[in-house]
Amino acid sequence: MTREPGRLEVRAPRTAPALALATGVVGLAAGIWLATLGGTASLVLGLVLIVFFGVGTVRAAVRLLRGRPLLVATPEGIDDGGSIVTAGFLPWSEVGSIDVLPARGGGMLVIGVRDPEAVLARTTPARARVGRTQAGRLGSPVVLPPSVLPVPAEELAADIEAFRP
């Protein structure tokens, strides 16, 4: 997390994508090994593992290499790159409450938006479906789980609120 005058930048810890990448490589190796053993069941299971772990490995590698922050707060608004919907830039006029909800592993940071449908219209249809479900359960489509936050959600919520005009 980087705190500068007029800017707060939050990045995910590198351990989560590194662990996902290592797990993916092991899963891919197992899938390749099974696919080369011979036999229909081994081939099918091997291909399923290759597809499943291949997608996970690529996503983990992209997260490790991509330098995009999870969240950036400024006096102009919040730029969300870490929630499932990746809402993008939210000016303060679109931001409602910033709440912390209890969750396993810590608190979830919930950034309430005044018009969830306007935010969901900026994302892909698949992400919008997930965002609608999330908004129904948690009150907003913009939610950062504790697993991606480098600091407790309560601390981050207070730091973000400090930028609100």
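Reply: Accessibility terms come before the pairs. A residue is buried under 20% relative accessible area, exposed over 50%, and partly exposed in between (1.4 Å probe, protein chains only). This is a predicted model, where local features need pLDDT of at least 70 and side-chain atom pairs count only at pLDDT 80 or more, while totals for chains, interfaces and linings use all residues. Residues are numbered from 1 along each chain as its sequence is written, and side-chain values use heavy atoms, leaving out hydrogens and water.

Side chains of opposite charge can pair when their charged atoms come close. A salt bridge here is a side-chain nitrogen of Lys or Arg within 4 Å of a carboxyl oxygen of Asp or Glu. The whole structure holds 7 of these salt bridges.

Start with R122 and E94. Their side chains meet in a salt bridge at 2.5 Å, N to O. The pair links distant parts of the chain, 28 residues apart. R122 lies in the loop between helix 3 (116–120) and helix 4 (125–138). E94 lies in the loop between strand 5 (88–91) and strand 6 (95–103). Helices (H or I, at least four residues) and strands (E, at least two) are DSSP runs, numbered from the N terminus. R122 is partly exposed at 40%, and E94 is partly exposed at 25%.

Next, R11 and E9. Their closest N and O atoms are 2.9 Å apart. E9 is buried because its relative accessible area is 14%. R11, at 36%, is partly exposed.

E161 bridges to R164, with closest N and O atoms 2.8 Å apart. E161 is partly exposed at 31%; R164 is partly exposed at 26%.

Finally, a network of salt bridges links R3, E155 and D159.
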